[in-house]
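Subject: Structure for you to look at

Hello,

Here is the structure I said I would pass on. Please open it first, then read the notes below with it on screen.

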Amino acid sequence: MAIKKSAVPFAGTAAQEKELVRIIHDIKGEKGSLMRVLQEAQEIYGYLPIEVQSMIARELSIPLEKVYGVVTFYSQFSLNPKGKYKISVCMGTACYVKGAGDILKKLQEKLGIKSNEVTPDGLFSLNDCRCIGACGLAPVIMINDDVYGRLSPSGEELDDILAKYKE
């Protein structure tokens, strides 16, 4: 099984591990405990890197492949850390027709990452989403809770937008 590691090194703490192990031991025997453990682990760490999945497999005495299978099946779980600034590019119909795909490509170039990845410094994560709900402003991106609309497909505004968050 080839599992790709994140570009950002795992930075879990002993306190986080202790909390996760305690939770696992509290709910270990319950039916469906794996899902609950994964949800709790994602709350603790913010995502589910292979190091955390291995810990869960070990503590629940189940194969890592089973843990990984569940994590990759359900969209609620993330294998990658999120950046301090989460960039979402709306790919809904209105945004897509007005050039959102080009904007996503420009952001990938500028940040040096693909969708669902985080920059090595942990500052930005990038993803595409189905609809932000601001169709009248298409094409639209969101950075955390800030909405930027009526962007040009050339991405000429992106440098100025990103600069606000790099300060």
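Start with a contact between two side chains: that of S115 and that of D128 make a polar contact at 2.6 Å. Please keep in mind that this is a predicted model. S115 sits in the loop between α6 (100-111) and β2 (117-118). Is S115 buried or exposed? Its relative accessible area is 18%, and buried means under 20%, so S115 is buried.

Then the largest pocket, which holds about 350 Å³ of space. Which residues line it? They are V71, T72, F73, Y74, S75, Q76, F77, S78, L79, N80, K82 and N116. By type, the lining is made up of five nonpolar residues, six polar ones and one charged one.

Now the cysteines. A disulfide is a covalent bond between the sulfur atoms of two cysteines. How many disulfides does the structure hold? The number is zero. For C129, the nearest cysteine sulfur belongs to C90 and is 5.1 Å away, and C129 is in no disulfide.

Last, some backbone geometry. Most residues other than glycine have a negative phi, and most peptide bonds are trans. Here are departures from that pattern.

- The peptide bond from A138 to P139 is cis, with omega near -10°. P139 lies in the loop between β3 (124-129) and β4 (141-143).
- N144 is not a glycine, yet its phi is positive, at about 55°. N144 belongs to the loop between β4 and β5 (146-148). With a relative accessible area of 31%, N144 is partly exposed.
- R150, also a residue other than glycine, has a positive phi near 55°. Its place is in the loop between β5 and α7 (158-166). At 59% relative accessibility, R150 counts as exposed.

When you go through the model, you could begin with S115 and D128, whose side chains make the polar contact, and then turn to the cis peptide bond from A138 to P139.

Regards

How values were computed: Residues are numbered from 1 along each chain as its sequence is written. This is a predicted model: local features need pLDDT of at least 70, side-chain atom pairs count only at pLDDT 80 or more; totals for chains, interfaces and linings use all residues. Side-chain values use heavy atoms; hydrogens and water are left out. A disulfide is a pair of cysteine sulfur atoms within 2.5 Å. On a 1 Å grid over the protein atoms alone, a cavity is a set of points where a 1.4 Å probe fits but cannot get out, and a pocket is an open set with protein on both sides within 12 Å along at least five of seven lines; lining residues have an atom within 4 Å of a point. Grid points are joined across faces, edges and corners, and a volume is the space filled by probe spheres set on the points. Ala, Val, Leu, Ile, Met, Phe, Trp, Tyr, Cys and Pro count as nonpolar, Asp, Glu, Lys and Arg as charged, and the others, Gly among them, as polar. Helices (H or I, at least four residues) and strands (E, at least two) are DSSP runs, numbered from the N terminus. Buried means under 20% relative accessible area, exposed over 50%, partly exposed in between (1.4 Å probe, protein chains only). A polar contact is a pair of N or O atoms within 3.5 Å; within protein, one must be able to donate a hydrogen and the other to accept it, and residues adjacent in sequence count only if both atoms are side-chain atoms.
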